[in-house]
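Please open the structure in your viewer, with the sequence beside it, and keep the selection tool at hand.

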Amino acid sequence: MRYRSVAVAIAIFLGATIGDARDTLKGVPYDFGGQGRQAPPPFDVRFADVTKESGIDFKHESSPTPQKYLIETMGGGVAVLDFDNDGWLDVFFTNGAPLSAPMAADARPLKSDRFANRLYRNNHDGTFADVTRAARVDGVGTGGYGMGVAIGDYDNDGFDDVYVTAYDRNTLYRNDGHGHFADVTARAGVAAGGWSVSAAFFDYDNDGSLDLIVTRYVEWSFARDDYCGARRPGYREYCHRHHRWPHIANTTQVLTTRVWFLSGIWRNRGIWCWR
Ligand SMILES: [Ca+2]
Ligand SMILES: [Ca+2]
Ligand SMILES: [Ca+2]
């Protein structure tokens, strides 16, 4: 009798479970445990492409060359932030830099107007205005070949600041709270160098000031633009100078698993002092 009771109990439980699941799938309200809670209504959210109407006309410029430099193959970063604290989200994009074929071994890519980073201010009506020049975040004349972007209020003044990663030189832009940014990279000592890709602000020592972590990709430069694999027009394979696997097709996997390395963590010791 004991086992029969258990079997009946299991059958009832399974039946109840199946029944509940069917009711939920049908969108039938269900009272969870008699507490008056009901299943949520069917999820029917759809997205519309409003890019054209929004006025956001940014186009990433990779500057493709016959050499097919490895940095050309990377996309740019994007951040959504409220840089003017008006309660509406604005958008920032990173961009590449002009390359030629070939580049000098010691070349350092410098941005021109076509390769400017872009900042779009939210107009509160579904449209955005390009305020890059006024905000002084285009990176023209400096900036390197842009990769990622991190947002954080590192000086605790209530306005979000911007950190852009790039090949050759990263940039920290301080928000002055009046619609402008200043390049404070040298003073802050966070240029990093090499090929930086990802970055994030976080308070690793819990002292109330945001610190910065930056990761780099591979040891690469125009002088170390190693060529691996088959050579034929319009085609290129990549490898790291210390790890040559010409028969591995998925070179991205090789690069990310073997030579990914950390650039550094900068501890914020005050507004202008990072170590
Ligand atoms: Ca805003
Ligand atoms: Ca700030
Ligand atoms: Ca800290």
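How many bridges join β6 to β7, and do the two strands run parallel or antiparallel? Select both strands: they run antiparallel and are joined by three bridges, where strands are DSSP runs of E of at least two residues, and helices runs of H or I of at least four, numbered from the N terminus. Two strands are said to pair if DSSP finds at least two bridges between them.

**Before going further**

What you have open is a predicted model, in which local features need pLDDT of at least 70 and side-chain atom pairs count only at pLDDT 80 or more, while totals for chains, interfaces and linings use all residues. Residues are numbered from 1 along each chain as its sequence is written, and chains are lettered from A and ligands numbered from 1 in the order in which they are written.

**Colour the chain by confidence**

The average pLDDT, which is the predictor's confidence in each residue from 0 to 100, is 80 for the chain, and 74% of the residues score at least 70. Select residues 1-27, where pLDDT stays under 50 and the model has seven contacts beyond four places in sequence; a contact is a pair of residues whose C-beta atoms, placed from the backbone, lie within 7 Å. Then select residues 244-262, where the pLDDT is again below 50 and the model has 25 contacts beyond near neighbours in sequence. Where pLDDT is low, the predicted coordinates should not be read in detail.

Now select residues 161-167, which are β6, and follow its antiparallel pairing with β5 over six bridges. G152 has D161 as its bridge partner in β6, and Y145 stands opposite Y167. Towards β7, V164 has T171 as its bridge partner. In the hairpin of β6 and β7, with three residues between the strands, look at D168, which takes a positive phi near 95 degrees.

Is β6 enclosed or open to the outside? Seven of its seven residues are buried, so β6 is largely enclosed by the rest of the structure. Show the side chains, and D161, Y163, T165 and Y167 point one way while V162, V164 and A166 point the other.

**The nonpolar core**

The largest nonpolar core has 38 residues, of which F92, V149, V162, Y163, Y167 and L212 touch the most other members; such a core is a set of buried Ala, Val, Leu, Ile, Met, Phe, Trp, Tyr and Cys residues joined through C-beta atoms within 7 Å. The strands that each supply at least two residues include β2 (90-93), β9 (196-202) and β10 (211-216), and β6 gives the most, with five. Centre the view on V149, which, leaving aside neighbours within four places in sequence, is in contact with G77, A79, F92, T94, V162, Y163 and V164.

Another open sheet of four strands has the order β1-β2-β3-β4 and antiparallel pairing. At its edges stand β1 (78-81) and β4 (128-130), each with a single partner strand, so one side of each is left without a neighbour in the sheet. The twist here averages 20 degrees from one strand to the next. Select β3 (residues 118-122), which pairs with β4 over three bridges, and find Y120, whose bridge partner in β4 is D130.

**Last stop: A182**

Finish at A182 in strand β8, which is partly exposed, with 14 other C-beta atoms within 10 Å. Not counting residues up to four places away in sequence, A182 touches Y173, R174 and D176.

Terms used: Axes are lines fitted to C-alpha atoms, for helices over the stretch in contact, and angles run from 0 to 180 degrees between N-to-C directions. A residue is buried if 20 or more other C-beta atoms lie within 10 Å of its own, exposed if 12 or fewer, and partly exposed in between; C-beta atoms are placed from the backbone. Two residues are in contact if their C-beta atoms, placed from the backbone, lie within 7 Å.
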